[in-house]
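Good morning, colleagues. I would ask you to keep the sequence and the structure in view while I go through a few local features.

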Amino acid sequence: MRPRASCISSGGAGEGLKLRARGASSAASCLPAGLLLAGVHGRCLLGEGAALSAAALSCLQVGVSRVGTAAAYGLLARESLGAGEELFSIPRTALLSQHTSAIAPLLRKEEASLQSSSGWVPLLISLLYECTLSNSRWGPYFSLWPQFTDLDHPMFWGHEERAQLLQGTGVLEAVEKDLANIEMEYSSIILPFLKAHPDIFNPKVHTLELYRKLVAFVMAYSFQESLNEEEEEEEPNPPVMVPLADLLNHVANHNANLEYSPESLKMVTTKPVRKGQEIFNTYGEMANWQLLHMYGFAEAYPSNTNDTADIQMSTLLKAALQATDTDMEEKLVLDQWNFLCHQEMVGEEGAFVIGWERVFTEEELLVALQVLTMSAEEFKEFKDQEAKTDGKGTACLIQSVTMIPNLSAAQKKLLFDATMLTLKAFSSSLKEEETMLGDLQAYLELSRREQFALQVRYGQKKILHQLLELTK
């Protein structure tokens, strides 16, 4: 969800994708953002009894266009802008949330029965109600996404298509968990709630299929305000829908950011913007696989400087076990792995996250490499030392990928072997991806799904091949 969180093109395929996804536009062809709020959103969604005139809103410096990287809409600068300029301000009363929905009193009353691991249930029930209510105050807002047909997250792809395009990327596993959790949440929390309130809900209308679409809608368009330092121990803030702000698309090299205040949310430029240029927000530092999973798109190489590749922690164990020759060596590796699990350095479902320039799980990776390459005597001495220091004092030596060559030969070999195993999980090779990206005509004939999946695979493989070079 927006905190509001690649492929190379030797023949120009990356740029070709940008043209295909965003199209060409000019400031003159876009609808003023204020007119969209005043005209499409009716009373501007500013709360009961509040409204702004179309004339006032039409003076905004940005305009809405059917042009975008990942969605049907985008915001364009209607004039040149400097850094730090406020583009628009959305009062908190205009946010669609569990607190502003018409059924807010009911949600407060039933709060105890709506608890979930995601924390999204109250908002999702609000959306279920409002999007199917003929006279909903939010009807014009939902009209921007008729039947939510523009959503194209991998959860809506066929199983075979997902497997074919996304094998090895981590998206498959994330989607399967999503679908299982959505079905569980609907059957155990949502459906009982719907049946308990037949006067306003109908399970034949408020179906699992609609609920799944709304989960994807929240994933792609909602905002979640971060906690401040004093609130870090509290539960995360629930997600909210922010009209107009949710029309901004994302790139890593963004030019605007959403700022929060007690009264409103403000979109502010972070750098100069030319007239006619698209205004991009940031959804966070997100890898391409995360963008595809949560938003249904990926950035073209080399735009996504936040791209990463994962090496599953269990893959490192597999590589270590493959290097053993005797039962005693295998038992040592398993003992070392169990120790690492006990120390919460690794887990069966965890992953080491590698970026272009840094290792995001530097401590976990370093300690795992150290422990899994120790002799029996070294391991015993290490455990004794850890017991004395209570596990404190481990140096993080590989925060930057440039430090990986400083690892011991045994540690580099183990990391090399784990990287090779990770690459084997893909159904295609780096060379095959490069061939496709080098043929612009063939690339442009791919569907958007195929293009985005190709970008995810290729970006991950490039990072992994960089890691191979660093561990040689």
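Let me begin with helix 7, residues 159–166, in which Arg162, Leu165 and Leu166 are buried. These three residues lie on the same side of helix 7, because they cover an arc of only 80 degrees around the axis. Please bear in mind that the model is a predicted one. What do the buried residues of helix 7 pack against? Their partners are helix 8 (171–196), helix 10 (288–295) and helix 18 (448–471). On the face turned away from the buried side, helix 7 carries His159, Glu160 and Gln164, which are exposed. Just after helix 7 comes glycine 168, with a positive phi of about 90 degrees.

I turn now to the aromatic residues. The structure contains 16 aromatic pairs. One of them joins tryptophan 145 and tyrosine 221 in a tilted arrangement, at 4.9 Å centre to centre and with 55 degrees between the planes. Tryptophan 145 sits in the loop between helix 6 (139–142) and helix 7, whereas tyrosine 221 belongs to helix 9 (residues 208–221); the pair thus links distant parts of the chain, 76 residues apart. Are these two residues buried or exposed? Both tryptophan 145 and tyrosine 221 are buried. They also belong to a cluster linked by ring pairs, together with Tyr141, Phe142, Phe148 and Phe217.

Finally, I come to strand 2, residues 62–65, which is covered on both faces. Val62 and Val64 are buried on one side, and Gly63 and Ser65 on the other. Strand 2 pairs with strand 3 (residues 74–77) in the antiparallel sense, over 4 bridges. Within this pairing, valine 64 stands opposite leucine 75 of strand 3.

How values were computed. Residues numbered from 1 in each chain as written. Predicted model: local features only at pLDDT ≥ 70, side-chain atom pairs only at ≥ 80, totals over all residues. Heavy atoms only, no water. Buried < 20%, exposed > 50% of the residue type's maximum accessible area, 1.4 Å probe, protein only. Helix = DSSP H or I, 4+ residues; strand = E, 2+ residues; numbered from the N terminus. Arc of directions from axis to C-beta. Contact = heavy atoms within 4.5 Å. Pairing = 2+ DSSP bridges. Phe/Tyr/Trp six-rings, centres within 6.5 Å; stacked < 30°, edge-to-face > 60°.
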